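Hi everyone, thanks for making time this morning. Let me put the model up on the screen, and then I'll walk you through a few places in it.

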Amino acid sequence: MAIAQEEIAQVRASTDLVALIGEQVALRKTGRRWSGLCPFHAEKTPSFSVNAEEGLYYCFGCRASGDAITFVRETQHVDFLDAVRQLAERAGIELHEDDADAGGWRDKAVLYDAVGKAVEWYHERLLTSPDAGRARDYLRSRGYDADTVRKFKLGWAPDEWDRLVGALHLKPEVATASGLGFVNKAGRLQDALRARVLFPIFDQGDRAVAIGGRILPTVDGAPPARDGRIEPKYKNTQETAIYQKRRTLYALNWAKDDVIKRNEIVVCEGYTDVIAMFRSGVPRAVATCGTALTEDHFRVMRNFAKRIVLAYDADTAGQSAAASVYQWERAHEVEVAVCKLPAGMDPAELQRSDPGALAAAVETAVPFLQFRLDAVVAAANLATPEGRSRAAERALGVIVEHPSDLVRDQYVMQVADRCGIDASLLRQDLARRAGRRDSAPSHRPAAAPHSETAGEGARPGLEALKLTVHDRRHAMPRLSPVLFPVELHRRAFLVLESATDHLAAVDEAEERGDDDVADLLRRLAVEEPVEAVDGADLVGAVVAQLLRLQTRRLLDERQASVRRGDLEPREVVDEIAVAKELVAKLDGPGARDAETELLDWLRAEEESHVAG
Ligand SMILES: [Zn+2]
């Protein structure tokens, strides 16, 4: 680093984030947080929040997030160092830059060169090295032939600490600035990627700028762990002067020609989905790199094509933040369509089971609103009058989100037709809803495009994390990783547990390359903490909810084992009775003891799994 870490920390701490952002955004104080219109996406109601104490911002609409340095980088399009310099000047801090090597590594050419060499080295490892055998087996099992591996320059990062930085003789400054390595707590230079199949990411000029890595599946299907920590399935090298996630689209370099020719671009969630598209004769697919679609991605895409086809699995597509999609459609004059994939399948899975079906799904993609409407109707029972009117109600709820009257009205007629209800009645209902929507309170978080908020236990899990962030002293001692049913929440908790404070946790998540956790932690920092009513034990209530849930899961598992004949009924009957009794006590005077006992039981259970 050309600027010492302490000085960067000092610059961050001395910057008043509310004042800095306030120069560009009208911020209003609501509770303990500040909010305003997001400078990163077009919106009419504020979804951009700032936490002054932690110095972090987060947008519920486009999920832009970061600290003072990120804000300057993103709004002024400067690199990390320039952002630090600007903020230092603003805060009156004198930086002691190490000029000796600053000239060398700041040069982007050095970074391109380093990442390019790393891509070649990792590619060669995959093709020839004996320790890459499992990776080759995995790719073969996915149907990848040699041509595919070569075209996408796939690689293998060996399961060792520093093979790459050693082999390429990378200087620590270059290794960190390129994202290929980092200096660990003991002061040793270490590879950023380890024991992963690699998908290099190139810019539109065909220069390697970053590398994404996928962990190999474990033999038993359990979440992969290292040193007791769950490893994220995908991990990318960090953002650098030559790589910004918000703008980068994986495979655009290979897809560009066909995108221009067809005036259409297909967006997938994962690198393997993109490769599946290419192999199915749709060589115009790209993917975002460990982040949801941003408006910057839209800006990049609209330069190449008028039609954007989302090829996400059905759940994720349904959860995409509708408000942003419609805004971007309008702002950038593009048309967004969605591929209809069979439920529970992503493009890679569909390509393996039925290659022709994937290309057909792209051909028959429907407009975003049509896709959401079809999902509502498909889930309804249209055989009864009650079912039809319920379906129409839900359909109107989807239609009302679209900003255009004309578009809304066409879909109203469609719903009238499909549900056999008079269109004028539906129009009246829609007008009422549209009136309510426009006068709704300003702060309405958009649906998160990831599945973190879906599924059982997601809400209490998030609530527990929020308490850990805002009331660490009370919450932390009573919580445990085993309480979190959602994997993302568990990872976030582990990071919070190992870090000394919230900012250190965000840094730690970034260092691990776990973007989803870093993103979640920044969001939690700006979310209003729950206020306890009449001194109620909030932590206890959330812990009890999670304990009930996890206990029920474990007991379900036990009963399943009995049904399969893996366990005798007499082996589990006492355990089940005790657990149920403890759960019942969670509401009573003995709640704290029951809490401790249940937690110990869940922990012991998990340990026995890890050991076995
Ligand atoms: Zn935003």
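Leaving aside residues up to four places away in sequence, Val-407 touches Leu-369 and His-402, where contact means heavy atoms within 4.5 Å. Before I go on, please keep in mind that this is a predicted model, in which local features need pLDDT of at least 70, side-chain atom pairs count only at pLDDT 80 or more, and totals for chains, interfaces and linings use all residues. Residues are numbered from 1 along each chain as its sequence is written, and side-chain values use heavy atoms, with hydrogens and water left out.

Back to Val-407, then. Val-407 is found in helix 20; helices here are DSSP runs of H or I with at least four residues, strands are runs of E with at least two, and both are numbered from the N terminus. Is Val-407 buried, exposed or partly exposed? It counts as partly exposed, because its relative accessibility is 24%. For those words, buried means under 20% relative accessible area, exposed over 50%, and partly exposed in between, with a 1.4 Å probe and protein chains only.

Helix 18 (residues 368-378) packs with helix 20 (residues 405-419) at an angle of about 25°, and their axes are 12 Å apart. Axes are lines fitted to C-alpha atoms, for helices over the stretch in contact, and angles run from 0 to 180 degrees between N-to-C directions. So helix 18 is roughly parallel to helix 20; the classes are roughly parallel under 35 degrees, roughly antiparallel over 145, roughly perpendicular from 65 to 115, and oblique for the rest. Helix 18 contributes Leu-369, Gln-370, Leu-373, Asp-374 and Val-377 to the contact, while helix 20 contributes Val-407, Tyr-411, Gln-414, Val-415 and Arg-418. Sorted by class, that contact of helix 18 with helix 20 has six nonpolar, two polar and two charged residues. Here Ala, Val, Leu, Ile, Met, Phe, Trp, Tyr, Cys and Pro count as nonpolar, Asp, Glu, Lys and Arg as charged, and the others, Gly among them, as polar.

Let's turn to another helix pair. Helix 22 (residues 458-470) and helix 24 (residues 487-498) pack at about 15°, with axes 10 Å apart. Helix 22 is therefore roughly parallel to helix 24. Which residues of helix 24 make the contact? They are His-489, Ala-492, Phe-493 and Leu-496, and they meet Ala-458, Gly-461, Leu-462, Leu-465, Thr-468 and Val-469 of helix 22. By class, the contact of helix 22 with helix 24 has seven nonpolar, three polar and no charged residues.

Six strands form an open sheet with mixed pairing, in the order 14-16-15-17-18-19; two strands pair if DSSP finds at least two bridges between them. Strand 14 and strand 19 are the edge strands, each pairing on one side only. Inside the sheet, strand 15 (residues 264-268) and strand 16 (residues 285-288) run parallel and are joined by three bridges, with Val-267 opposite Val-286 in strand 16. Strand 17 (residues 307-311) pairs with strand 18 (residues 335-338) in the parallel sense over four bridges, and Arg-307 stands opposite Glu-335. Strand 18 pairs with strand 19 (residues 366-367) in the antiparallel sense over two bridges; there, Ala-337 has Pro-367 as its bridge partner.

The other sheet I'd like to show is also open: five strands in the order 1-2-3-4-5, with antiparallel pairing. Its edge strands are strand 1 (28-30) and strand 5 (65-66), each of which pairs on one side only. Helix 3 (residues 68-76) lies across strand 3 (48-51), strand 4 (56-59) and strand 5, at about 50° to strand 4.

Finally, some loop residues. Ala-251 lies in the loop between strand 14 and helix 11 (252-262). It has a positive phi of about 75° although it is not a glycine, and it counts as buried because its relative accessibility is 0%. His-169, in the loop between helix 9 (163-167) and helix 10 (172-178), has a phi near 50°, again positive in a residue other than glycine. His-169 is exposed, with a relative accessible area of 69%.

That's my tour, and I'm happy to go back to any of these views.
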